[in-house]
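This briefing goes through one protein chain by topic.

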Amino acid sequence: MAASSLQQPGCLLANLKVDSPNKTLAQRCQDLIKIIDDYHAKELHAIFSWLVESVFGSLDGILGGWKLRLLHSRCGDFAPIVDFLKPSGPMMKLVYKLQAEEYKYEVPVNYLPAPVKTSIQEGVLPDCPLFHNRPHFPMSGILTLNMALNPFEFFIFYFASCLITPKNLPGSQHVGTTDSAYFVLADMYLKYFLPIEGSVPPSPFSDSKGSVSTPAQRSANISLVGHGLHSPSLLKHHIFLQPSVNADPAAQEIWRSETLLQMLVEVWLHHYSLKMYQKLQLPQVKEPFSPSEEHVLAVRLLVKHLHAFSNSLKPEQPLASPTHSHAQAGPLEEFKRVALQRFVQQKLFLFLQHCFGHWPLDASFRAVLETWLSFIQPWRYAGDKRTHLPADSGRCDPDKWESFVQENLLVYTKLFQVFLNRAVRMDLVNAKNALMLFRVAKVFCQPDLADMIHKAEQLFLEPELVPHHRQPRGYLTPGQGGGFLSSRQRITTDAVFRVKSHVYALEGQDCQYKQMFGPELWAAVVRLIQVVAQARHTAKRISDRSCQAAASKSLLSWLTAPSSDSSIGLCGVEAEENNECLRKTHEFLDRALVNLCTVFKLNQGQLTQLTANSTSFEDDGQSERLPDCVVGERGLVLTDLGRMQIINGLRRFDIQFQGDPELQPIRSYENALLVRFLYRMSSLLNAQFEGPLTELCSRTDFAGRLCQHYLTSPDPAVLARTPASPRFWDRKRRVGVSLRPLASYRTILLLGFAYAAGAFLSFGPVSSTLLILAAVFLHGVAVTLWAKKWKRH
């Protein structure tokens with residue numbers, strides 16, 4: 001009996017591996033619920049690593065897991081999986097069971113974020129306390145360095161890594177959106193462990209040993225020695241490792257909130273250190289990590305919830321000493337106070353800075369933009385009924401939010417400067433890009449925001465009045481040992497220290513700060529205004545042409561074959577939606593100009609002068625010229641101005657098909673089978689009668705000109721082969737029969753109407769065919785005579 005009990009964990013794992021592939025996800029969840037309820041922690045410990053990997057996939061991406069990112073609410077397995085993995089569900093019950101027994105699970109250091117992995121491999125403690133005292137060296141040697149995590153940390157690490165690990169998905173499967181099971185679970189975890197109202201629910205599991213103990217208590221006496229790793233005593237003590245906090249029973253559960261936040265921040269955001277980002281500025285250095293749009297949307301979800309979480313901080317009660325009020329605050333309240341600035345700010349700034357510099361110039365940048373705008377507007381997530389702030393806290397009130405702007409100055413100013421460089425290179429005629437510009441201008445145009453940014457920049461330029469070790473909070477009065485500065489001086493000194501500490505921590509002591517309202521950025525703003533004005537002019541010109549084209553439509557124009565791109569509109573949609581896109585572009589650009597003028601205090605006269613200078617070429621025909629180029633070794637090379645002109649549709653190269661007209665790509669208005677069949681017929685006829693046809697077309701009389709009309713391609717223009725090459729070539733007029741027009745759907749439809757009309761008038765098929773050929777012949781005669789008369793004039 002004892003022997004069978006020892007083999008039970010291995011048998012359980014083997015049975016699960018055999019049965020799971022043959023069952024649906026809902027059936028697997030039901031089986032796992034029974035196993036979690038019936039088995040003890042010792043047996044469950046043997047299957048935990050396999051279970052987590054089977055749910056979230058392997059860290060190397062080979063195993064896809066349950067594909068939570070592709071699972072939507074319309075799927076039948078959605079509800080059972082979410083119920084199984086939710087914070088109060090069976091899977092978390094398993095985590096708490098194993099947590100009580102203090103089991104450890106290893107994660108290879110190679111799968112940690114790059115800065116953390118580099119620090120550990122170099123023998124330096126990472127910045128994040130989550131990874132302190134964790135390296136574990138197995139018997140196989142140092143090359144297989146692993147991290148020992150407790151069950152809760154192991155589970156959250158795999159959950160966070162599931163978002164960024166490349167998966168081998170079939171080509172027909174697309175990555176999910178914010179309504180997938182993964183995003184639903186991420187939102188549940190944030191709301192449960194970082195509650196806006198109330199406290200973190202206690203662990204639902206306890207046994208004879210008592211409640212689950214915190215990792216801080218178990219590792220408080222562990223020291224990291226050997227292997228060249230530094231002592232943790234040199235680090236700043238974490239707020240939840242302090243004895244006064246551990247004495248509080250509420251601190252027994254707050255470690256889960258801290259673990260969740262730190263793990264999400266490290267896995268989702270901590271892919272760039274300041275040194276690494278500086279190296280990425282060199283062209284020969286390849287970027288180590290490229291986030292996806294889905295990844296950025298998850299980061300935005302985290303940012304929005306953290307703002308609501310921090311804004312739910314209860315207002316402090318006026319006491320005799322400010323420091324005493326902090327001491328009275330509970331662990332969760334203290335965590336709300338420091339969560340954003342201590343854990344998120346620096347890593348989010350570097351993450352956004354990398355995205356701004358490396359994201360493609362397309363509409364998918366909207367996800368990055370909205371993440372940035374969500375972070376710099378914490379007042380949007382205040383005044384909620386779940387928070388303790390009044391309903392009018394959603395406004396940008398300087399009394400409430402001035403300190404936040406000062407502590408995050410670079411997130412406002414430096415990223416705004418990078419966005420300006422992107423904006424002048426975007427196609428602002430596109431309504432989606434124009435909307436992004438409008439969104440940024442609207443946010444920075446909010447009342448008092450520009451003044452708060454300008455004031456913070458002035459504080460940074462002031463000389464520092466206090467040493468760097470001074471703390472920004474908890475000032476003492478002179479009677480309590482404080483200085484003799486006035487209250488106003490102390491507030492100013494605190495603000496100066498706050499701004500300088502923020503900038504120096506991110507940019508270094510030797511940084512060259514560029515003011516948002518300085519002369520350098522003013523030149524970039526002027527250039528952006530000119531680009532916006534040119535985009536408005538281009539949109540108006542395209543809109544006018546579209547209206548003229550629509551007005552000139554007639555039966556004769558409908559009968560002719562359309563061009564290859566005539567049905568494609570400005571926004572990549574059908575032509576009938578073009579006017580709506582252009583209307584939105586005009587609206588967004590007009591409002592963006594107004595908001596930019598408000599932010600940078602431009603009057604109407606200055607705006608009129610800037611826009612007039614940029615649109616002075618409206619009627620002088622310059623829009624039809626080539627883009628701005630310079631002559632290089634291999635021909636014409638576009639300048640920055642030329643690229644901007646092409647992007648905004650101001651000028652373009654006249655690129656035309658220069659090969660055999662019979663070999664052009666098959667158009668959407670042509671039947672592919674007929675095109676190929678008629679091409680073979682034309683080739684046979686031309687090969688058989690090439691000599692007589694060439695002789696007829698070489699005649700100079702009326703018959704020769706009539707044959708040229710039917711048997712030769714249009715007169716070729718002398719065109720450049722490529723914009724980068726100055727060489728030109730002349731194409732000889734091709735002589736031969738071309739039956740390709742008969743493959744057009746419009747031609748087929750017209751012939752059907754002609755034969756139907758003939759049948760209605762009692763003409764037979766032969767008579768109708770002769771009439772059609774006669775009409776075509778008379779049309780050719782008229783065109784030939786008109787062409788001769790036009791050449792004489």
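Of the contacts (heavy atoms within 4.5 Å) in the protein chain between residues at least 6 apart in sequence, 77% join residues at least 24 apart. The model is predicted, so local features need pLDDT of at least 70 and side-chain atom pairs count only at pLDDT 80 or more, while totals for chains, interfaces and linings use all residues. Residues are numbered from 1 along each chain as its sequence is written, and side-chain values use heavy atoms, with hydrogens and water left out.

**Overall make-up**

- The protein chain holds 31 helices and seven strands; both are DSSP runs numbered from the N terminus, with helices being H or I of at least four residues and strands E of at least two.
- Of the 793 residues in the protein chain, 43% are buried. Buried means under 20% relative accessible area, exposed means over 50%, and partly exposed lies in between (1.4 Å probe, protein chains only).

- Helix α16 spans residues 366–375 and is mostly covered, with nine of its 10 residues buried.
- The buried residues of α16 are A367, V368, L369, E370, T371, W372, L373, S374 and F375.
- These buried residues pack against α13 (293–311), α15 (331–358), α17 (398–407), α18 (409–423) and α19.
- The axes of α13 and α16 are 9 Å apart, and the two helices pack at an angle of about 15°. That angle makes α13 roughly parallel to α16. Axes are lines fitted to C-alpha atoms, for helices over the stretch in contact, and angles run from 0 to 180 degrees between N-to-C directions. Angles under 35 degrees count as roughly parallel, over 145 as roughly antiparallel, 65 to 115 as roughly perpendicular and the rest as oblique.
- The crossing of α13 past α16 is left-handed, a term for the near helix being turned anticlockwise from the far one by less than a right angle, with clockwise giving right-handed.
- On the α13 side, E293, V296, L297, V299, R300, V303, K304 and H307 meet A367, V368, E370, T371, S374 and F375 of α16.
- The contact of α13 with α16 has seven nonpolar, three polar and four charged residues. Here Ala, Val, Leu, Ile, Met, Phe, Trp, Tyr, Cys and Pro count as nonpolar, Asp, Glu, Lys and Arg as charged, and the others, Gly among them, as polar.

**Helices α2 and α5**

- Helix α2 (residues 25–38) packs with helix α5 (residues 90–100) at an angle of about 30°, the axes being 10 Å apart. This makes α2 roughly parallel to α5.
- α2 passes α5 in a left-handed crossing.
- I33, I36 and D37 of α2 meet P90, M91, K93, L94 and K97 of α5. By class, the residues of this contact are five nonpolar, no polar and three charged.

**Strands**

- Strand β1 (residues 105–108) has Y105 and V107 on its covered face and E106 and P108 on its uncovered one.
- β1 pairs with strand β3 (residues 146–149) in the antiparallel sense over four bridges; strands pair if DSSP finds at least two bridges between them. L149 in β3 is the bridge partner of Y105.
- Strands β4 (residues 629–632) and β5 (residues 635–638) run antiparallel and are joined by four bridges. A hairpin of two residues connects β4 to β5, and V630 stands opposite V637 in β5.

- Most residues other than glycine have a negative phi.
- D448 has a positive phi, near 75°. D448 lies in the loop between α19 (431–444) and α20 (449–461), and counts as partly exposed because its relative accessibility is 36%.
- K601, also not a glycine, has a positive phi of about 55°. K601 lies in the loop between α24 (578–599) and α25 (604–614), and its 62% relative accessibility makes it count as exposed.

**Buried loop residues**

- S744 lies in the loop between β7 (728–729) and α30 (745–760). With a relative accessible area of 7%, S744 is buried. Not counting residues up to four places away in sequence, S744 touches Y669 and E670.
- L70 lies in the loop between α3 (41–56) and α4 (78–85). L70 is buried, at a relative accessible area of 17%. The C-alpha atoms of L70 and A181 are separated by 7.5 Å, although the two are 111 residues apart along the chain.
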